[in-house]
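Please have the sequence and the structure open while reading.

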Amino acid sequence: MNRMVTMLLISALFISTCSEKKMKSATDQYFTNPILAGFYPDPSICRVGDDFYLVTSTFAYFPGIPVFHSRDLVNWKLIGHVLDRAEQLDLEGLGLSRGIFAPAIAYHDGLFYLTCTLVDGGGNFVVTAEDPAGPWSKPAWQPEVDGIDPSLFFEKDGQAYFVYNSVAPDNAPLYDGHRTIRLFYFDKERLRVTGDNMILVNGGTDISKKPIWIEAPHIFKKDEYYYLICAEGGTSWQHSEVVFRSEKVTGPYIPYEKNPILTQRHLDPNRPNPVTCTGHADLVEIPTGDWWAVFLGCRPYLPEYEGFFNTGRETFLAPVKWIDGWPVINPDFEEVQYSYPLPLPERTKKAQVPYSGNFTLRDDFDSARLDPHWAFLRTPHEKWYDLADRPGFVKIRLLPETCSGKSNPAFIGRRQQHLKAFAATALDFQPQTENEKAGLLAFQNETYFYFLCKSVEDGAPVVQLFQSNDQKESRQPMTLLASQKIDAKSAGTLLRLRIVADGADYSFYYGFKPGKWQLLIDNVDGRFLSTRIAGGFVGSMFALYATSLGETTDQSAWFDWYEYRGDDDIYK
């Protein structure tokens, strides 16, 4: 009897183990959306042989325009930035949601081309590189181009075209949001548009319905047709992707009668785990002959049409099916899926630095150079941080500039990439005056942020939490929400700071020993950091930040480590 029971247990264990392996194997054949979680909007992609390269917008963050590489279309590696030198990109004085809009990457005859717009700066430009990891050239400006979202198309014979979003005909819009898609010939040797521009699309798919914000154009050729894909409807919940085709690159372009080819605006806003605002797509053919689309989308944490989301617009991936000669994105589902079968399963390898699913990241500042995933707020024109002064720490000098202004403060940020996440750091800082503050930011833009910091009150060290104010309505850039004195025995030790995001709720902690967190304040309104309230085109950042609030000081703060963990229910 005992032998029989033992055999049954062994058999059950074997079946269970086989089932787990089979389930794991099946799970391993799928990828998770978004493929670039957090603030990575406006994706553009190109393929060169077996390699894929992808770029996204960065607005007023520096360095500008990350370049990602992949061989499986799913796992990506950051290999560099297009605009990583001050001579290429000066963001001084620009609002956070201005600056770099919608880059587009292309490859032709051994050279990579990138087109983009520096809004409120020099306008449209083109840069080139032999290696997409860089270095890239200085911008070749295009003063003749009045608009945004440019991209290039190359014929097989080398003739190039520059397509972009522009104003209404004769600059006389028939309604708010009336725009056009236009085309220039492009001289690839001189890197300049030539001749007169041509209007390819006026208004959108059907001007009688007053379509708004036709933009983000990309042209590609398949079989006998030229296809023009564009975003339409604005970048919020009405966002969509539409397609036109023509027998000639210069038109006329006929819209697909079943447009849009991608949108989520018609779906129930109360559906579970929605993806919204989908559009601004780019298509790519993979070596198997299948087609896929990258596009931006958003993950709200409250079920409303526009929803509330703090992570910004993110990069998603979905299959494309050709139906009666037209490309349709996500053809087998109404809703954009969080998981699809792998495009190239035989190539898929786990990324060293994950951008999708649940993950934990840590930076111990033990490298000679700052990790390329960190971002500065506008272009640094001096080096106010140091990794060599104290091994295992990043030293940040307190600057008079603040994150409320439009210059370059002592701010080093990384994206919030999950709805549920925490960011933590350890700080060695001995402030002398009340204007000297250093710590951890939860930052959406200049007037929407929380600042968890160490400072001084009445001559004694304290932990403080500030909430930003709208400076148009208040002379004070921040309001104190909570404060806690630091006792004498802890004053000289490392201060640990931790911000926890749980959808619409944020909590703020401090401590002096590993794992021993003390709550400063919880249930702080995270909607304050949402795009719906804060506006703009960016997403939240967690940032190491040190400021003297307009005063001159020789003080510095040392940050020992930074840790981030994201753990969304959708990925469990």
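This is a predicted model: local features need pLDDT of at least 70, side-chain atom pairs count only at pLDDT 80 or more; totals for chains, interfaces and linings use all residues.

In what order do the eight strands of the open sheet follow one another? The order is β4-β26-β29-β38-β31-β32-β33-β34, with antiparallel pairing.

**Open sheet**
- The edges are β4 (61-62) and β34 (478-485); each has a single partner strand, so one side of each has no neighbour in the sheet.
- Within the sheet, β31 (residues 437-445) and β32 (residues 448-457) run antiparallel and are joined by seven bridges.
- Gly 439 has Cys 453 in β32 as its bridge partner.

**Arg 245**
- Strand β17 (residues 240-246) contains Arg 245.
- Arg 245 is buried but forms no salt bridge. The nearest side chain of opposite charge belongs to Glu 224, 6.5 Å away, whereas a salt bridge requires the atoms to be within 4 Å.
- A polar atom of the Arg 245 side chain lies 3.1 Å from the backbone oxygen of Gly 325.
- Leaving out residues up to four places away in sequence, Arg 245 touches, among others, Tyr 225, Tyr 226, Tyr 227, Tyr 253 and Trp 326.

**Gln 88**
- Gln 88 sits in the loop between β6 (77-83) and β7 (99-108).
- Its relative accessibility is 4%, so Gln 88 counts as buried.
- The Gln 88 side chain reaches two backbone atoms: the oxygen of Val 82 at 3.1 Å and the nitrogen of Asp 84 at 3.0 Å.
- Apart from neighbours within four places in sequence, the contacts of Gln 88 include Leu 83, Trp 136, Ser 137, Lys 138 and Pro 139.

Technical notes:
Residues are numbered from 1 along each chain as its sequence is written. Side-chain values use heavy atoms; hydrogens and water are left out. Two strands pair if DSSP finds at least two bridges between them. Helices (H or I, at least four residues) and strands (E, at least two) are DSSP runs, numbered from the N terminus. Buried means under 20% relative accessible area, exposed over 50%, partly exposed in between (1.4 Å probe, protein chains only). Lys and Arg count as positive and Asp and Glu as negative; His and the chain ends are not counted. A polar contact is a pair of N or O atoms within 3.5 Å; within protein, one must be able to donate a hydrogen and the other to accept it, and residues adjacent in sequence count only if both atoms are side-chain atoms. Contact means heavy atoms within 4.5 Å.
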